Amino acid sequence: MTLEEAKNYLRVDTDDDDTLIQALITAAESYINQQTGKTKMIVGTGEDGQPVYKDIKESELWKLAVKLLLAHWYENRGVETSGGRVAVTKISHSVDALVNHIAMCGDYV
């Protein structure tokens, strides 16, 4: 994912957070790759009957998972405390569902 795609999704117009956003992109992509172990997706079958692959980064589901995780981390940068207790904001179910789908779906290898 490019910095411009991420800034557009986050609705960020300035360059002030470019370094942070780029680091979050890298972290989100790494997290998803490590959680799923997937690097390619099957997009069809060739004339020889063998699967045809594309880089997983071209998958719209993968891109959405990166964007959602990126947005979560961008909007929840710190650990909150309330009454002496630490409150950590949970990652949305959408991110978990997408990462799980990518990990389990046979279209991704």
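1. (Helices here are DSSP runs of H or I with at least four residues, strands are E runs of at least two, and both are numbered from the N terminus.) Lys7 has 4% relative accessibility and counts as buried; buried means under 20% relative accessible area, exposed means over 50%, and partly exposed is in between, with a 1.4 Å probe and protein chains only. Leaving out residues up to four places away in sequence, Lys7 touches Val12, Thr14, Asp15, Asp18 and Ile21. A contact, by the way, means heavy atoms within 4.5 Å.

2. A quick word on what you're looking at. This is a predicted model, where local features need pLDDT of at least 70 and side-chain atom pairs count only at pLDDT 80 or more, while totals for chains, interfaces and linings use all residues. Residues are numbered from 1 along each chain as its sequence is written, and side-chain values use heavy atoms, with hydrogens and water left out.

3. Now the overall layout. The protein chain has 4 helices and 4 strands, and read from the N terminus they go α-α-β-β-α-β-β-α. The C-alpha atoms fill a box of roughly 65 × 30 × 15 Å along the principal axes. The radius of gyration is 17 Å, whereas a compact globule of 109 residues would be near 13 Å. That radius is taken over C-alpha atoms, and the globule rule is 2.2 Å times the number of residues to the power 0.38.

4. How much of the chain is buried? Of the 109 residues in the protein chain, 29% are buried. As for contacts with a separation of 6 or more, 56% of them come from residues 24 or more positions apart.

5. Back to helix 1, residues 3-10. Which of its residues are buried? They are Leu3, Ala6, Lys7 and Leu10. These sit on the same side of helix 1 because they cover an arc of only 95 degrees around the axis, the arc being that of the directions from the helix axis to the C-beta atoms.

6. What do the buried residues of helix 1 pack against? Their partners are helix 2 (18-36) and helix 3 (60-75).

7. Helix 2 gives us two residues to look at. Ile25 is in helix 2 and counts as buried, at 1% relative accessibility. Not counting residues up to four places away in sequence, Ile25 touches Met1, Thr2, Leu3, Ala6 and Leu70. Take Leu3 from that list: Ile25 and Leu3 are 22 residues apart in sequence, and their C-alpha atoms are 7.8 Å apart in space. Glu29 also lies in helix 2, and at 10% relative accessibility Glu29 counts as buried. With residues up to four places away in sequence again set aside, Glu29 touches Met1, Lys57, Trp62 and Val66.

8. Finally, have a look at Arg11, in the loop between helix 1 and helix 2. Most residues other than glycine have a negative phi. Arg11 is not a glycine, yet its phi is positive, at about 60 degrees. Is Arg11 buried or exposed? Arg11 is exposed, with a relative accessible area of 75%.
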